[in-house]
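Please view the sequence and the model below before turning to the notes.

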Amino acid sequence: MVPVKYMLLIYSNPESWASLSAEQREGLSRAHESLTRELSEQGLLVSAAGLADPITSRTVSVRDDTTTTTDGPYAEAKEHLAGFYLVECDNIDQAIGYAARMPDAKYVAVEVRPVMDASGLEM
Amino acid sequence: MTAFDLLLREQAPQVLSALVRHYGHFDLAEEAVQEALLAATQQWPDEGVPDNPRGWLIRVGSRRLTDLLRSESARRRREENAAQMAAPEEFVAAGPEIDDPGGRDDTLTLLFLCCHPALSPASQIALTLRAVGGLTTAQIAAAFLVPEPTMAQRISRAKRSIKQAGSSFEMPPEAERDERMGAVLHVLYLIFNEGYTASSGTALHSAELTTEAIRLVRGVRKLLPDDGEVAGLLALMLLTDARRPARTGVDGALVPLAEQDRSLWNKDTIVEGESLVTDALSRTQLGPYQVQAAIAAVHDTAEQADDTDWRQIVALYDVLEQMSDNPMVKLNHAVAVAMAVGPKEGLAVLEPLESDDRLTDNHRLEAVRAHLQEMSGDLAGARESYLHAARRTTSVPERNYLQSKADRLI
């Protein structure tokens with residue numbers, strides 16, 4: 001099959017981040033830099049970004065046409081989304097391979113999810 | 001595609017071949033041809049199409065390639081010891097006037113190179129569309145919904161890989177020919193499929209890809225008129241594409257084959273596809289594309305869904321299964337058996353697939369099971385299978401279709 005897009009969702013939590021040594025943090029940046037460069041050179045990277053701390057989030061909800069905005073994330077979860085990569089891979093195993101190279105997978109976890117597309121076969 | 005685009009695209013592989021034959025340096029020559037094509041799209045509308053369009057493109061491409069080779073050689077001299085390097089004159093010794101190869105057509109050689117086994121399918125597709133199809137990087141990126149720089153990187157990396165593999169611009173050795181031809185046809189098939197399966201959201205680009213795939217296979221067929229599988233692939237594409245106007249509803253929803261309005265099918269395309277496959281089956285060695293085309297022809301020539309000759313389709317799937325051990329073939333076979341004999345018998349064909357690793361993640365097994373369970377009257381089981389499949393597909397139109405089937409069974 002032709003390549004499929006996968007979203008690599010990087011999870012973190014405040015404790016795991018705070019507990020990192022300066023060296024580990026630097027290792028984290030280096031690992032992402034080199035992964036981004038490699039994916040980009042191979043023509044597989046669609047997009048990637050790190051997200052600001054959830055403390056900076058606004059959560060928006062609309063009920064009965066009234067918009068309410070609250071500070072902070074939607075749910076008080078222990079883990080939060082810290083960043084993402086959108087990549088094109090031949091299969092999910094290739095995507096898993098990239099996820100496993102992120103130090104974040106060692107500290108918390110990286111989730112690999114196929115992206116839906118508009119193509120389909122009549123059945 | 002306008003006549004103007006078509007003219008340029010038809011010239012693209014010819015111009016590239018002429019440059020590579022003369023100068024070598026496939027990677028830079030490919031770049032130069034893109035620039036020549038771009039120059040033509042900018043100049044020809046105002047200045048008119050030159051008397052000899054190919055000669056014009058070769059001349060402009062050749063000038064551009066000479067520049068590229070000069071700067072490449074200057075760059076290398078900066079990077080490496082100058083003494084080891086050839087002088088730029090050696091690269092560009094030939095004047096900018098290159099003979100048009102005339103009757104010679106190197107499109108096949110070019111296709112073999114673009115579908116080189118060192119490349120991933122995604123790279124083979126991208127490079128084929130650019131170097132042989134004459135599409136721009138922007139057009140290819142749009143068709144595959146990725147940013148242009150991503151596609152540009154993929155194409156340059158593909159060219160680098162070919163260079164590293166040490167491939168030259170020659171036909172592969174006779175012993176490898178069949179296997180390499182298989183890769184070429186598979187890439188053309190994937191391009192077609194990418195266009196065909198795309199639903200309304202990207203309809204503009206998708207129609208382009210199916211048209212392009214058909215155009216490329218027609219080109220190969222002109223060069224290899226006696227190859228049954230080339231004819232089979234072309235027939236399969238035509239017989240599939242003929243149904244395109246009926247396969248999606250106004251809102252992009254998928255319409256299953258049995259419910260399609262057959263009056264919308266393209267009759268001329270069906271006639272062409274059917275005669276191609278009939279001819280191939282009668283005089284060439286049998287192959288999987290011909291069998292798939294024959295199956296498509298049985299569907300396409302049934303006036304109504306109820307008229308479909310399912311027994312013949314079952315027989316064709318029996319033949320196809322002996323040629324390729326592909327679980328998707330088995331799935332379709334099960335549907336055909338259910339239609340020809342009965343749903344219980346169809347479900348029995350599905351059974352060995354339950355333990356097939358290649359299908360464990362695949363929602364299609366669940367979708368087919370759901371369909372056969374519904375046929376057999378097991379509505380609760382069918383509903384469960386439809387829901388199961390709906391959650392597992394990554395296709396929006398398929399999910400909507402499967403969900404609506406489940407909803408109807410409450």
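Two residues are in contact if their C-beta atoms, placed from the backbone, lie within 7 Å. This is a predicted model, in which local features need pLDDT of at least 70 and side-chain atom pairs count only at pLDDT 80 or more, while totals for chains, interfaces and linings use all residues. Residues are numbered from 1 along each chain as its sequence is written, and chains are lettered from A and ligands numbered from 1 in the order in which they are written.

**Confidence**
- The average pLDDT of chain B is 90, and 92% of the residues reach at least 70.
- Residues 85-96 of chain B have a pLDDT below 50, with 17 contacts in the model beyond near neighbours in sequence.
- The model as a whole has an ipTM of 0.86 and a pTM of 0.89.

**Contact between the chains**
- Chain A contributes 20 residues to the contact and chain B contributes 30 residues.
- On the side of chain A that touches chain B, helix H2 (22-41) and strand S2 (45-50) each supply at least two residues; helices (H or I, at least four residues) and strands (E, at least two) are DSSP runs, numbered from the N terminus.
- That side of chain A is made up of 10 nonpolar, five polar and five charged residues. Ala, Val, Leu, Ile, Met, Phe, Trp, Tyr, Cys and Pro count as nonpolar, Asp, Glu, Lys and Arg as charged, and the others, Gly among them, as polar.

**Domains of chain B**
- Chain B is assigned domain 1 (200-308) and domain 2 (320-409), with bounds from an automatic or database domain assignment.
- Between the C-alpha centres of domain 1 and domain 2 of chain B the distance is 23 Å.
- Six residues of domain 1 of chain B and seven residues of domain 2 of chain B form their contact.
- On the domain 1 side, these are four nonpolar, two polar and no charged residues.

**Annotated span**
- An unreviewed UniProt entry lists residues 9-73 of chain B as "domain: RNA polymerase sigma-70 region"; UniProt positions are given in the numbering used here, feature names are shortened, and annotations may be inferred rather than shown by experiment.
- Residues 9-73 of chain B are 89% helix and 0% strand, and their end C-alpha atoms lie 30 Å apart.

How values were computed:
pLDDT = per-residue confidence, 0-100.
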